[in-house]
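Look at the two chains side by side.

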Amino acid sequence: MRILSHNMLQCIVKGCGAANYPLRLNGEAVHKESEYNEDFIKHMMSKIDYPALYQASQDVKIDLPSSLPEDYLDNEEFLKKIHDVTHIEEGGLYCNNCKRIYPIKNGIVNMLLNENEV
Amino acid sequence: MDHLPTPDTGHLSSREYEGYVYDPSEDTFLFLDALSEDRASLKEMQPRTCVEIGQSRCGSGCVITFLSNIIGRHCQYYAIDINPIAARAAKETARRANIPLDIICGDLVSPLSRMKGSIDVLLFNPPYVPTSMEEYLESIDTSASEHDVIAAAWAGGPDGRCVLDRLLPIVGEYLSPNGRFYLVTVEENRPKEICSILKKQNLDGQKVIDRKARNEHLSIYRFTKRVTE
């Protein structure tokens, strides 16, 4: 799972409530080489919930600035850093509210619910 | 027109996946042909978020990998599959094609509720084969000792609509303002009725391509949001 995708996921257990986002992240960040695509990352950053990304990066001990730099769209060093914020292969997402854990195995998050959670 | 390569899914014949993952078949290839037909407009719309729903079927990851060959790398790609083995196979297909695909194991679009209103291209090849309700329920009962995982990829219940009918009511709210939804159907699914259901969500349906393969009459439909003033 790309750590950037953490931004898109929330707890989906029925009745979990308004505090179902952001999820906490657990695991070891693994760097995977990928081609830098400036257009992609600029677009992502214009939509991203930065505080959630920052929290996720703290959870897995990645060093990011605590707030979005004002010049972020022109700050190539920062954009490259975000682009390289990388993957979790083994670990989990954790809901602070209802304590549900969504395991991550082989880089795939499991968000299948049990019958009593739907 | 350049020929786009069919994604490499050679790993599906390995012991890890054989018998657990639906192999690309006529419906898959027709799906690729439909996307290929639409390639100019797909490129032009510059999608940012593309999602394939598997429901055991995207298993191979073949369709979204093919789509990424058309659109390019400035987009985020997600595949969701209810079957963990199929999800793993999709990951391998994406790895072989070197595309940035995130795979989530889940039911339909349920993991992506934060993406409402932002999916530009949504792909779905549902279990469309008409079966009895019993056969359908058996196919999704993963607790059965002799559970046939492949059956879950095709058994669609009465009219082949059991799985699709769970997604149809929410398609519109997940798509972005210029988003589109591609769907595989057979005649027995009553595509006209599907079109009229989606019309109520301001989605206009059009057949992109159809083909008779063995005993099936397959069609790929494209649904696009009607521009409202």
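Which residue of chain B forms a salt bridge with Asp39(A)? The partner is Arg48(B), and the closest N and O atoms are 3.4 Å apart. Keep in mind that this is a predicted model.

**Where the chains meet**

The rule finds three salt bridges across the interface of chain A and chain B. It also finds 12 residue pairs in polar contact there, both residues being at pLDDT 80 or more. Two elements of chain A give two or more residues to the side that touches chain B: helix H1 (38-47) and strand S4 (108-110). H1(A) gives the largest share, five residues. Sorted by class, this side of chain A has 11 nonpolar, eight polar and six charged residues.

Now the size of the interface. The size of an interface is often given as the accessible area lost when the parts come together. Here, chain A and chain B bury about 2,200 Å² between them. Carbon and sulfur atoms account for 53% of that area. Three residues stand out on chain A: Arg2(A), Met8(A) and Ile108(A). They supply 27% of the area that chain A buries against chain B, more than any other three residues. In terms of contacts, 25 residues of chain A meet 25 residues of chain B.

**A sheet that crosses the interface**

Which strands are joined from one chain to the other? Two bridges join S4(A) to strand S3 (residues 101-105) of chain B, and the two strands run parallel. Val109(A) stands opposite Ile104(B) in S3(B).

This pair belongs to an open sheet of 11 strands with mixed pairing. The order is S1(A)-S2(A)-S3(A)-S4(A)-S3(B)-S2(B)-S1(B)-S4(B)-S5(B)-S7(B)-S6(B). Strand S1 (24-30) of chain A and strand S6 (203-213) of chain B stand at the edges. Each has a single partner strand, so one side of each is left without a neighbour in the sheet. From one strand to the next, the twist averages 15°.

Leu25(A) has Leu93(A) in S2(A) as its bridge partner.

A helix also lies across part of the sheet. Helix H4 (residues 84-97) of chain B lies across S2 and S4 of chain A, together with strand S2 (76-81) and S3 of chain B. H4(B) runs at about 175° to S3(B).

**Backbone details in chain A**

Two spots deserve a look. A cis peptide bond joins Tyr21(A) and Pro22(A), with omega about -10°. Pro22(A) is found in the segment before S1 of chain A. Lys61(A) is not a glycine, yet its phi is positive, about 60°. Lys61(A) is found in the loop between helix H2 (50-59) and helix H3 (76-84) of chain A.

**Salt bridges, and one serine**

Over all chains, the count comes to 23 salt bridges by this rule. Here are two of them.

| Salt bridge | Closest N and O atoms |
|---|---|
| Asp39(A) and Arg48(B) | 3.4 Å |
| Lys80(A) and Glu76(A) | 3.0 Å |

Lys80(A) and Glu76(A) both lie in helix H3 of chain A. They are four residues apart, about one turn of the helix.

Where is Ser118(B) found? Ser118(B) is in the loop between S3 and strand S4 (119-124) of chain B. Its side chain reaches the backbone oxygen of Met115(B) at 2.9 Å. Leaving aside neighbours within four places in sequence, Ser118(B) is in contact with Lys47(A), Thr49(B), Tyr174(B), Leu175(B) and Ser176(B).

Methods. Residues are numbered from 1 along each chain as its sequence is written. Chains are lettered from A and ligands numbered from 1 in the order in which they are written. This is a predicted model: local features need pLDDT of at least 70, side-chain atom pairs count only at pLDDT 80 or more; totals for chains, interfaces and linings use all residues. Side-chain values use heavy atoms; hydrogens and water are left out. Contact means heavy atoms within 4.5 Å. Buried area is the accessible area (1.4 Å probe) that two parts lose on being put together, summed over both. A salt bridge is a side-chain nitrogen of Lys or Arg within 4 Å of a carboxyl oxygen of Asp or Glu. A polar contact is a pair of N or O atoms within 3.5 Å; within protein, one must be able to donate a hydrogen and the other to accept it, and residues adjacent in sequence count only if both atoms are side-chain atoms. Ala, Val, Leu, Ile, Met, Phe, Trp, Tyr, Cys and Pro count as nonpolar, Asp, Glu, Lys and Arg as charged, and the others, Gly among them, as polar. Two strands pair if DSSP finds at least two bridges between them. Axes are lines fitted to C-alpha atoms, for helices over the stretch in contact, and angles run from 0 to 180 degrees between N-to-C directions.
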